[in-house]
Amino acid sequence: MKAWQITSDGIDALQQADREIAAPGAGEVRVRIEASAINYRDLMTVKHAAARGIPLPRIPNSDGAGTVTAVGAGVTGVSVGDRVASCFFQDWTDGACSPEAMASALGGALDGVLAEETVLKASGVVPVPAHLSTLEAATLPCAALTAWNALVEVGRLKAGDTVLLLGTGGVSIFALQFATAMGARVILTSSSDAKLERARAMGAAETVNYKTTPEWQKAVLDLTGGRGVDVTVEVGGPGTLARSVDATRVAGRIALIGVLTGGTIDPTAIMRKSMTVQGVYVGSRRMFLEMNKALTLHAIKPVIDHTVPFAEAKSAYKAMEAAGHFGKIVIAG
Ligand SMILES: NC(=O)c1ccc[n+]([C@@H]2O[C@H](COP(=O)([O-])OP(=O)(O)OC[C@H]3O[C@@H](n4cnc5c(N)ncnc54)[C@H](OP(=O)(O)O)[C@@H]3O)[C@@H](O)[C@H]2O)c1
């Protein structure tokens, strides 16, 4: 079967290879992958595999969905013909994140799913919600689950809360969809007025252009009567965190997710404002199943910016690098 492999650093070093596909062992399933969505993390892994200590060659990407073609011994609850999506962590079914879970990340510690077929744990896949195509479901394992974890588990979001979202990438657009479905008020930032308009059309109550308003945290404070938002989904990292802390209320919560920017962090304001700043690393299979119930109930469809054919996978990473996208970029088989 064909697979893309990281062979050294850089998008252009990705190579297509013919790989043997094993029969599924006990507790495993073989899946014909029909689509794989990319995340900023996959772009970073492809560009900086050596610094990340990734063993090479390595198949990239955590996110895939497709159809089960074989099941191993002892597998219950998953059958040939089922449509499934991969779990980012093959060994995180429930409870808190653990070193064992972290050692089971697809497209990092383990080979990923940018391949025609793959073998996954039966406990490392979830059923595709019936209202979604497999292509749409391929966007769920990382970005959607991270947004869900940030809002529901870490943010403990309630109807009426105000949420701050940064940018219009995969995580933030799923967070916009979940937060509006949950009855929260969303304030969203972007570098693009056209993207802000799209976000408002999707339910963002207020928007701020962080390029034309570099002190965007002040605009967010103004929009909340000087109080600050209840929950911030922080995808920016060190370069945006201080402003996010300013924009979040006393005793508010920040889900620390991203590394889009560099810099250093002064923790003083976090202490003074009695805030909870919690790291988020995607989420567990239990969270994925709960998220899929909400997706189904609210008939939420992932926002896909564009899809590229499997043979042109490199162009997907280049598009993400250019950051013109809104929502997700998908590689279809
Ligand atoms: N911890 C985890 O489990 C986890 C999981 C998923 C993602 N992440 C991280 O979260 C971040 C976002 O991931 P993603 O996959 O959603 O990325 P993505 O789809 O590539 O989104 C990138 C978007 O972020 C916005 N952005 C860039 N710099 C910004 C800044 N200074 N301020 C505000 N927005 C900015 C831009 O939006 P505009 O074009 O609208 O300006 C850009 O298009 C990445 O750092 C990724 O590694 C972490």
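Which residues are the closest to the ligand, and how many surround it?

1. Basis of the note. This is a predicted model, in which local features need pLDDT of at least 70 and side-chain atom pairs count only at pLDDT 80 or more, whereas totals for chains, interfaces and linings use all residues. Residues are numbered from 1 along each chain as its sequence is written, and side-chain values use heavy atoms, with hydrogens and water left out.

2. Ligand surroundings. The ligand is surrounded by 27 residues, the closest being T168, S190, S191, Y210 and V280; a residue is taken as near a molecule or strand if one of its heavy atoms lies within 4 Å of it. For polar contacts, the rule is a pair of N or O atoms within 3.5 Å, and within protein one atom must be able to donate a hydrogen and the other to accept it, with residues adjacent in sequence counting only if both atoms are side-chain atoms. A polar side-chain atom of K195 lies 2.7 Å from an oxygen atom of the ligand, an N or O atom in the side chain of H325 is 2.9 Å from a ligand oxygen atom, and a polar backbone atom of Y40 is 3.2 Å from an oxygen atom of the ligand. The ligand has 930 Å² of accessible area on its own, of which the protein covers 90%; accessible areas come from the Shrake-Rupley method with a 1.4 Å probe, and for residues only the protein chains shown count as cover.

3. Y40 belongs to helix α1 (residues 40-47), where helices (H or I, at least four residues) and strands (E, at least two) are DSSP runs numbered from the N terminus. Y40 counts as partly exposed because its relative accessibility is 30%, given that buried means under 20% relative accessible area, exposed over 50%, and partly exposed in between (1.4 Å probe, protein chains only). Together with V259 and L260, Y40 forms a nonpolar patch on the surface, with about 270 Å² of accessible area. Patches are made of residues with over 30% relative accessible area and no salt bridge, like charges being joined within 9 Å and nonpolar side chains (Val, Leu, Ile, Met, Phe, Trp, Tyr) within 5 Å.

4. Helix α5. This helix (residues 170-181) has 12 residues and reaches 17 Å from its first C-alpha to its last, close to the expected 16 Å at 1.5 Å a residue; the expected span is 1.5 Å times one less than the number of residues. Helix α5 is mostly covered, with 10 of its 12 residues buried, among them I173, F174, L176 and F178. Just after α5, G183 takes a positive phi of about 85 degrees.

5. Salt bridges. A salt bridge is a side-chain nitrogen of Lys or Arg within 4 Å of a carboxyl oxygen of Asp or Glu, and the count by this rule comes to 18. In one of them, D12 pairs with K318, the closest N and O atoms being 2.8 Å apart. This pair links distant parts of the chain, 306 residues apart, with D12 in the loop between β1 (2-6) and β2 (14-18) and K318 in helix α11 (residues 313-322). D12 is exposed at 55% relative accessible area, while K318 is partly exposed at 37%.

6. Bridges between strands. R30 and E117 meet through their side chains in a salt bridge (3.4 Å, N to O); because R30 lies in strand β3 (residues 28-38) and E117 in strand β6 (residues 117-121), the pair ties together parts that are 87 residues apart in sequence. E117 is buried, at 17% relative accessible area. The side chains of D230 and R249 also meet in a salt bridge (2.6 Å, N to O), and since D230 lies in strand β11 (residues 229-234) and R249 in strand β12 (residues 248-256), this pair ties together parts 19 residues apart in sequence. Both partners are buried, D230 at 6% relative accessibility and R249 at 16%. Elsewhere, salt bridges that share partners join D94, E153, R286 and E290 into one network.

7. N209, in strand β10 (residues 206-209), is buried at 7% relative accessibility, and its side chain reaches the backbone nitrogen of T212 at 3.1 Å. T134, in helix α3 (residues 134-137), is buried at 13%, and its side chain makes a polar contact with the side chain of E34 at 3.0 Å.
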